[in-house]
Every structure is written in structure tokens, then in C-alpha cells.
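Dear colleague,

Please find below the structure that I am handing over to you. My notes on the findings follow it.

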Amino acid sequence: MPRAVRLIRSASLSDVAEYAYAATAPAEARLIFLAGACPLDADGATVAVGDVPGQAAACVANLRTALEDAGAGIGDVISTRVLVATTHQKDLVAAWQVVRDAFGDHDVPSTLMGVTVLGYADQLVEIEAVAAVVDA
């Protein structure tokens, strides 16, 4: 089945970014707005305490589950926002590497930012996403 999401690359902007600068979906696409995926296990406990890449991986796994439950997959994501509770750029980079690797060639427009605090005890990473699918 063809994907609804079309990534747009800009020759007018720097190619240093590891993501597309824009993405579109056709008017008939069903948009899926996902809550921030958190590094929580099935019992609601924070996993990988103190481990930014570990928490990013847990967030990606939970994001995949939420997408699947909504009838979508990673290839249907149109944009992401990656939040990392840190003041250190190295932590942002560590989280981003996990997210980038999970998305592979589907390098959607993304925002990566450091924040003061996130909602759960010991939480360091959260990933928001929007997806688009055309139902058959």
C-alpha cells in the first residue's frame, strides 16, 4: 500500500539536518495525533532510569505500539518532536541518534529540544508524533 506521507527536501536550505524540512499528506488522509510516547513499562514504571538512549529506545517502542493500535506504522509518521530533560547538548544528540536510527530512511521533519522537566518520575525523554494514513 502506498504511503500518504511525502517528505520534502529543500535544496535551498543546509543539508546538515538529518531530516526532511517538510512533509505533506493528501487531503483524504486520516491524521493521527499521538500523545508523547514515554519510557514507561506495562505497569507504568519509568524504565532505563538515568539512561537517555535507553529511554529514547523505550519511547520509540511505545510510539510504535501506539501507531500500530491506530492502524499506522513508523513510515506513516509525518513529523516528530523529541523532548529531552537536560541542559546538555550531548544528551540531545544521544536521544536523537536512537530516534534517527529507528526512523531510518523515513527521516521526517523533527524538532529536538531540551526541556526543564518531564511528567513522570525519572523521565528524561518523550517523543510526540503526527502520522497520516489513507484508509483502504
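Strand β3 is joined by 6 bridges to strand β6 (residues 125-133), and the two run antiparallel. Here helices (H or I, at least four residues) and strands (E, at least two) are DSSP runs, numbered from the N terminus, and two strands pair if DSSP finds at least two bridges between them. In general, strands of a sheet pair through backbone hydrogen bonds, either parallel or antiparallel. Within this pair, alanine 37 stands opposite isoleucine 127 in β6.

Please note that this is a predicted model, in which local features need pLDDT of at least 70 and side-chain atom pairs count only at pLDDT 80 or more, while totals for chains, interfaces and linings use all residues. Residues are numbered from 1 along each chain as its sequence is written, and side-chain values use heavy atoms, with hydrogens and water left out.

The sheet is open and has 4 strands in the order β3-β6-β4-β5, with mixed pairing. Because β3 (30-37) and β5 (110-115) stand at the edges with a single partner strand each, one side of each is left without a neighbour in the sheet.

Helix α1 (residues 52-69) touches β3, β4 (77-85) and β6, and its direction makes about 30° with that of β6. Helix α2 touches β4, β5 and β6, and its direction makes about 155° with that of β4. For such values, axes are lines fitted to C-alpha atoms, for helices over the stretch in contact, and angles run from 0 to 180 degrees between N-to-C directions.

How do the helices meet? The axes of α1 and α2 come within 8 Å and cross at roughly 35°. Residues of this contact include Val60 and Leu63 of α1 and Val98 and Phe103 of α2. By class, the contact has 12 nonpolar, no polar and 2 charged residues, where Ala, Val, Leu, Ile, Met, Phe, Trp, Tyr, Cys and Pro count as nonpolar, Asp, Glu, Lys and Arg as charged, and the others, Gly among them, as polar.

Yours sincerely,
A colleague

Note on methods. Contact = heavy atoms within 4.5 Å.
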